[in-house]
Amino acid sequence: MSTRPPGRAPESARAWLKSLAHQVASYRRGAIVAGTAAGLFTVLQMAALAYIIDRAVISEWTAIDLLPWFIALLLALGLKAIAQGIQAHYMARASLAARNEARSQLTNAWKTAGPVRLLDESAGTLAREWIDHVEALHGYFARYLPQMSLAVFVPLLMLTVVVWFDWLAALFLLLAAPLIPIFMALVGMGAESLNQRHFEAIGRLSGQFLDKVRGLTTLQLFGQTEPAAELLQTRSDDYRRLTMKTLRVAFLSSAVLEFFASVSIAVVAMYVGFGLLGYIEFGPAPQLTLFSGLFVLLLAPEFFQPLRQLAQHYHDRAAAVGAAQLIVLRLDHLQSAGGQPEDATFTPITQPPACTRNIMLERVSVRFPDGRTGLSNCSLVVGQGESLALTGPSGGGKSTLLHVLAGFIKPTEGSVTVFCEPPGTEPFAWLAQSPYTVHGTWAEHLRLTTPTASERAMIRALEAAGLGELLRSRPEGLHSPVTEAGLGLSGGQARRLSLARVLLSEARLILLDEPTAGLDRETEQIVLAALQKLTGEGRTLVFATHHPSLLGLAHRVLTVQAGEVSHG
Amino acid sequence: MADLLPWLRLIGQRRGRLWVGALLIALTIIAGLGLLALSGWFITASAVTGLAFAAGSRVAFDIYLPGGGIRTFALVRTVGRYAERVYNHETVLRLLADLRVSLFRSLARESVMARARQPGASWLSRLTNDLDSLDTLYLRLIAPTGLAIAITSALVVVSGWLYGLQAATVTGVMLAGALILATWGVFQATVRLTRQRVDQLESLRGMTLEHLEGQAELTAASARDEHSRRLLRDAHTSSEDQARVDQRIGWFGAGSSFLMYSAAVAALFTSIGRFQADEISGPVLALLPLAILGLNEVYATLPEAFGRLGGTLAAAHRLNRDIAPRGEPTTCARPPKNGSAPLPDAVLSFRNAGFQHPGLPPVLVGLDLEVKPGERVGLTGRSGCGKSSLADMAAGLAEPTHGKLFRNGYGLQDGNEQWLANVSYLTQSTQLFDDTLRNNLLLADPDATEHDLWNVLDTVCLGDLVKRLPQELDTWLGAYGRQLSGGEARRVALARALLKPADVIVLDEPFTGLDASTRQTVIANLSLRLRGKTLLAFAHAPDALPEVDRVVEL
């Protein structure tokens with residue numbers, strides 16, 4: 001319902017799906033070959049069956065006489081089952097490979113966009129795209145796409161065989177043939193609008209339900225739960241009536257397919273019957289035998305079967321195109337130049353005198369594609385072990401400067417070196433103010449950024465971050481899940497956990513963006529003490545802040561305003 | 001399987017519709033089966049008669065009856081299919097609403113206290129998915145399985161009558177095998193994998209969020225690529241499991257259809273002898289194998305449905321767990337009134353009260369607080385200090401886990417209903433409904449007049465803004481309507497809380513998202529409006545509180 005992006009999306013979504021399909025072409029080909037083989041064995045199966053009945057009834061062969069034919073029939077059945085199994089195998093593989101590819105494309109796009117631009121969108125939305133929208137591609141690759149080809153190949157195969165035996169009967173099947181493209185379109189359009197309607201109704205219904213459940217406490221506080229339940233009921237009834245109106249029409253399209261399938265079987269049966277009785281004296285009718293007649297009859301439903309299956313899988317396509325639209329939009333958005341200055345021509349500074357163990361910015365400018373200036377002509381040296389505070393109005397360029405030092409943003413002009421190397425080459429520690437979803441145990445979480453940390457070091461870092469008490473209350477200490485019993489960390493606790501990660505890091509450079517913003521007093525004190533300690537250890541700290549005590553902690557305070565740095 | 005019972009019972013309330021729907025499907029299937037079988041019979045009979053004609057004998061052969069039969073079956077199959085689809089889709093939509101309304105009612109019946117906190121977004125999305133998988137229980141699982149069993153049995157009985165016990169036994173056994181493979185077999189082969197799927201996706205989601213929110217830190221520590229690889233590997237494992245399920249469904253389905261077709265072969269093989277002994281005619285010989293071929297339509301849908309059953313069972317299990325009354329804190333572990341009498345004139349009195357979530361350190365310890373009628377108390381404290389738990393207790397949504405709490409002199413649950421009716425509580429999270437602004441407000445007081453509504457909107461400085469909207473009070477809010485800013489939504493929620501005719505007002509962080517000047521105006525208006533009422537206001541800092549008589553720091 002809310003997932004309908006504007007504009008040109010369908011074409012590019014289809015193109016993207018096609019490119020994915022191309023990537024998994026070998027699996028898809030496998031599925032199609034196996035499916036066609038299954039169709040071929042169906043033909044053999046029906047031939048054997050018709051032959052056995054013919055011989056038994058007309059030539060009065062015994063079961064023993066017919067034994068080879070029975071064995072052939074069973075063989076055809078067995079081979080068909082194997083082909084079907086293999087088809088299922090390839091279809092599942094095709095979908096698996098396609099989803100993997102889609103996921104790695106998205107992960108790469110996240111990387112390209114860099115941490116700053118990536119989180120313009122909420123992490124929840126991005127995660128939903130990566131998980132749920134990619135999952136929605138499953139049916140398209142696993143069912144719809146191979147069936148699309150099989151719906152052409154298998155009926156053609158059947159038709160060829162029928163023409164061979166009785167072209168007039170084939171003509172009856174073909175009565176429907178000029179209609180088949182129309183079928184496909186009808187089925188397509190019908191199924192499309194049907195699906196849209198159906199899913200829209202379900203979406204709205206769930207939406208109504210969720211809305212009420214989400215606000216249940218509110219409803220209970222106001223004593224309004226029963227009226228809400230009644231409202232839910234009436235709205236559901238309204239949606240149902242509305243949906244059924246369209247569904248009644250939409251189902252007609254598949255009824256047409258159903259009609260032709262039934263009528264073709266009936267017509268073939270009547271034709272063959274009258275032919276065998278000798279009532280039809282033109283064309284191939286006089287040559288009809290019980291074998292060829294039965295065989296043609298048995299193939300008639302198989303002729304339509306792939307088409308009917310395709311109609312059933314149509315909603316897979318609609319779901320995939322919808323999801324693909326959103327994914328493609330995201331890929332485009334992340335890969336477009338967006339806020340990341342392009343063509344960052346980094347020229348390493350090679351002159352030995354310039355390469356000290358310092359952080360150097362030389363005439364660095366950052367201009368965003370939307371015309372905003374992030375930094376202009378900014379030169380700066382931060383000595384090793386120095387603690388530098390950046391202050392200034394919000395939007396003045398503090399964060400941009402930090403992002404440049406981190407290598408998250410590349411400068412449009414000028415050069416940056418961090419300890420003689422491009423920024424981001426050597427691991428550093430980063431403390432942001434954004435919340436963090438914690439997954440897994442304390443130890444796993446801390447080892448995200450410091451994989452080699454010892455248990456003692458981890459406990460020490462957590463103690464220093466003021467989480468010691470919380471940790472001790474957990475039964476398995478470091479190896480118990482951070483969030484238990486469905487209760488998350490409070491905002492302050494999550495920030496302390498981030499701090500613990502910084503404390504654990506042995507990086508020489510530590511960048512902090514507003515480390516104390518929005519913190520309660522106790523956490524604030526912990527952060528201050530920790531930074532004091534880090535400064536004392538001789539690490540290089542650069543932080544953006546307004547906080548007076550933090551400013552007091554710095555060796556040097558710079559004001560960043562309108563993209564320019566001044567000593568303040 | 002017991003997990004499905006309550007849902008089956010609920011679905012069963014539409015018994016009439018279910019039977020009609022099933023009959024329509026049965027009619028369609030029987031017509032399809034009949035079409036093929038009768039056509040086979042007709043062709044064989046024609047062939048035999050044609051040979052007799054050719055030999056010069058004049059045999060009477062009625063072509064009209066089978067001809068008519070074939071036409072009827074063709075028509076019934078088409079019309080039946082259409083009718084079945086329309087009818088059963090309507091049933092599904094009805095069941096969908098039934099499930100939701102009934103689930104909502106059970107959730108609502110549960111005491112406010114048992115749920116304690118607002119449900120999280122992930123719980124809600126799981127609830128939606130779980131319900132979705134139950135929606136089609138009837139159409140995907142119950143009806144096809146029931147029909148497959150019924151039609152198979154009927155076919156076996158008919159074949160016993162036409163072809164004798166031996167043929168019936170052989171086909172019966174083989175068809176039963178096919179049926180078991182397509183249902184129980186598939187279920188057994190996939191249940192382990194499908195049951196854990198939701199949890200697997202949940203944990204994958206957690207890891208993805210961690211990856212995204214931690215981009216900066218992971219990049220800084222040069223650990224992003226490694227984490228990204230781990231993430232992709234986990235996603236692959238989960239998809240791989242799903243692919244395995246699909247493959248098993250495919251192989252079991254193929255095996256089942258092999259057995260089913262083999263039953264047709266066996267039927268033919270065993271009845272040839274009877275034909276030779278002239279116990280059955282040639283056309284009848286063709287009848288059974290062809291009818292069995294027609295069964296494919298019924299059997300083909302089963303493996304897929306049973307391959308998803310594991311997930312459906314897990315969904316039902318979670319839903320049962322979620323709506324089952326949890327822990328019933330209403331049971332009186334302690335006598336309703338106990339110990340020293342509270343202050344007779346205290347609206348709320350906390351005595352050494354504490355609050356603790358099970359298995360976690362307490363969030364609130366040893367709190368003593370008396371609130372007198374008409375008193376306005378502000379409570380401040382850092383995050384995680386138990387503000388919201390205290391607000392919940394004051395409002396009657398929770399009880400202290402330690403110590404005592406008296407509301408209007410009553411302990412524990414005594415008079416909780418009256419208390420809930422007399423307290424208005426603005427929870428920390430803003431909760432508006434997909435509905436008009438008017439209906440959102442009227443929740444608090446269905447009898448409020450137009451004047452009351454405008455009045456309360458003016459109190460929260462929204463009156464002018466709403467007057468400028470084309471539909472004023474009838475503006476639709478929420479997903480399909482006007483998107484309010486965080487501060488606007490907060491003020492609507494505040495207005496709603498103020499509208500409720502209650503003597504005690506509990507406000508938890510009432511001014512989230514309001515800019516300083518609006519906040520000042522609202523604070524001034526509030527002082528007027530709340531005159532004479534008892535007020536408890538919670539905030540992270542004193543400047544985020546309305547005007548109060550005293551401030552308690554937690």
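**Salt bridges**

1. B:E84 forms a salt bridge with B:R81, with the closest N and O atoms 3.4 Å apart, a salt bridge being a side-chain nitrogen of Lys or Arg within 4 Å of a carboxyl oxygen of Asp or Glu. Both residues lie in helix α3 (residues 64–109) of chain B, three residues apart, about one turn of the helix; helices are DSSP runs (H or I, at least four residues), numbered from the N terminus. B:E84 is buried at 8% relative accessible area, and B:R81 is buried at 17%, where buried means under 20% relative accessible area, exposed over 50% and partly exposed in between (1.4 Å probe, protein chains only).

2. This is a predicted model, in which local features need pLDDT of at least 70 and side-chain atom pairs count only at pLDDT 80 or more, while totals for chains, interfaces and linings use all residues. Residues are numbered from 1 along each chain as its sequence is written, chains are lettered from A and ligands numbered from 1 in the order in which they are written, and side-chain values use heavy atoms, leaving out hydrogens and water.

3. B:R308 pairs with B:D246 in a salt bridge whose closest N and O atoms are 3.1 Å apart. Because B:R308 lies in the loop between α12 (302–307) and α13 (309–323) of chain B and B:D246 in helix α10 (residues 224–276) of chain B, the pair ties together parts that are 62 residues apart in sequence.

4. B:R81 and B:E84 also belong to a network of salt bridges that links them with A:E258, A:R308, B:R77 and B:E297. Over all chains, a search of the whole structure finds 42 salt bridges.

Methods:
Helices (H or I, at least four residues) and strands (E, at least two) are DSSP runs, numbered from the N terminus.
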